[in-house]
Amino acid sequence: MSDLVPLEIPARRSGPARPVTDDGVRQRLPPWLRVRLPGGEGYRELKSLTAELSLHTVCEEASCPNVGECWSARELTIMILGDTCTRSCGFCDVKTGRPKPADAGEPSRAAEALSRLDLQHAVVTSVDRDELPDLGAGHWAETIRLIKERCGGMTLEVLVPDFQGRPELIDLVLAARPDVFAHNVETVARLCKQVRPQARSERSLAVLAQAAGHGLLTKTGVMLGLGETREELTELFTALGEAQVDILTLGQYLRPSRRHLPVERFVPPEEFDELADEARGLGLRHVEAGPLVRSSYRAGRQARQLRPRPVADAE
């Protein structure tokens with residue numbers, strides 16, 4: 001029997017990963033949205049270790065289609081600052097509400113857990129914590145610092161919120177010197193209010209440009225299939241190139257539930273290839289593009305292959 005299966009693995013927290021229509025009927029997926037069942041010695045080892053350490057991984061919680069490939073390469077993504085977000089993005093399945101107080105012991109525990117996993121690359125992300133005086137920036141900086149101290153052979157990528165565009169808070173995170181600084185713009189400017197109601201496209205671009213100005217590798221992700229036009233994507237790629245963003249991921253948006261934005265279109269693989277070529281031509285140094293690509297896909301390889309631009313080039 002083939003190990004290729006449709007992308008409809010139920011998320012452990014909140015219903016099907018396969019898109020649904022407003023009347024609750026599951027949409028039929030095109031044939032290119034199929035994934036291999038996770039397996040292999042590396043995958044099983046990481047699954048066992050993360051369970052033993054009670055480590056919260058986005059890979060499993062979000063039913064990522066690439067979990068088998070990434071874990072076999074000893075790469076994973078963890079989430080800090082709790083599981084409740086202060087924002088209400090139209091695509092995201094993380095719950096919205098008033099979070100619990102930040103756990104002061106979490107940075108140390110995250111570093112200890114990652115040191116035991118013996119990873120080649122790890123991605124750390126978080127919910128938005130707009131209710132905190134520093135929006136979680138201090139917690140982020142301490143987490144990065146301790147991970148870098150205890151996991152010397154591992155490259156570290158951080159996928160951060162926008163910290164409301166406050167430069168001093170972004171500088172606090174940048175000063176901890178992660179190997180890759182990522183912040184997702186998610187969609188084109190016209191759709192930002194609908195997709196990310198508490199965010200702004202120009203703010204996200206400024207965050208990325210600030211990181212580039214500090215000589216760090218920068219990265220962002222965009223979802224396709226939300227109603228964006230080709231012309232709008234060209235404008236976005238141009239803006240990302242001007243912000244000196246190094247790495248771009250392009251993937252297909254899939255609707256988690258009826259509460260979320262509908263899928264307007266399933267983008268075929270050949271169109272992803274065309275868009276990747278266009279983005280490279282507009283200044284993006286590395287582009288991962290495909291229906292199943294997610295923010296952290298092949299992240300370790302990107303970090304090892306690329307070097308930051310000279311700071312003078314990013315100013």
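Student: Which residues of H9 are buried?
Tutor: In H9, Glu232, Leu233, Leu236, Phe237, Ala239, Leu240 and Gly241 are buried. Buried means under 20% relative accessible area, exposed over 50%, and partly exposed in between, using a 1.4 Å probe and protein chains only. Helices (H or I, at least four residues) and strands (E, at least two) are DSSP runs, numbered from the N terminus. This is a predicted model, where local features need pLDDT of at least 70, side-chain atom pairs count only at pLDDT 80 or more, and totals for chains, interfaces and linings use all residues. Residues are numbered from 1 along each chain as its sequence is written, and side-chain values use heavy atoms, with hydrogens and water left out.

Student: What covers the buried residues of H9?
Tutor: The cover includes helix H8 (201–213), S9, S10 and H10.

Student: And what comes just after H9?
Tutor: Gln244, with a positive phi of about 65 degrees.

Student: On to H10. How far apart are its end C-alpha atoms?
Tutor: They are 19 Å apart. At 1.5 Å a residue, the 13 residues of H10 (269–281) should span 18 Å, so the two agree. The expected span is 1.5 Å times one less than the number of residues.

Student: Which residues of H10 are buried?
Tutor: Glu271, Phe272, Leu275, Ala276 and Ala279. Seen down the axis of H10, they fall within an arc of 140 degrees, so they line one face of the helix. That arc is taken from the directions from the helix axis to the C-beta atoms.

Student: What do the buried ones in H10 pack against?
Tutor: Strand S9 (217–224), helix H9 (230–242), strand S10 (247–252) and strand S11 (286–289). The face turned away from the buried side carries the exposed residues Asp277 and Gly281.

Student: New topic: Thr187. Where does Thr187 lie?
Tutor: In the loop between strand S8 (180–182) and helix H7 (192–195).

Student: Is Thr187 buried or exposed?
Tutor: Thr187 counts as buried, because its relative accessibility is 1%. Leaving aside neighbours within four places in sequence, Thr187 is in contact (heavy atoms within 4.5 Å) with Cys192, Val195, Val222, Leu226 and Leu236.

Student: Last one. How many residues of S7 are buried?
Tutor: Five of the five residues in S7 (155–159). Thr155, Glu157 and Leu159 point one way, and Leu156 and Val158 the other way.
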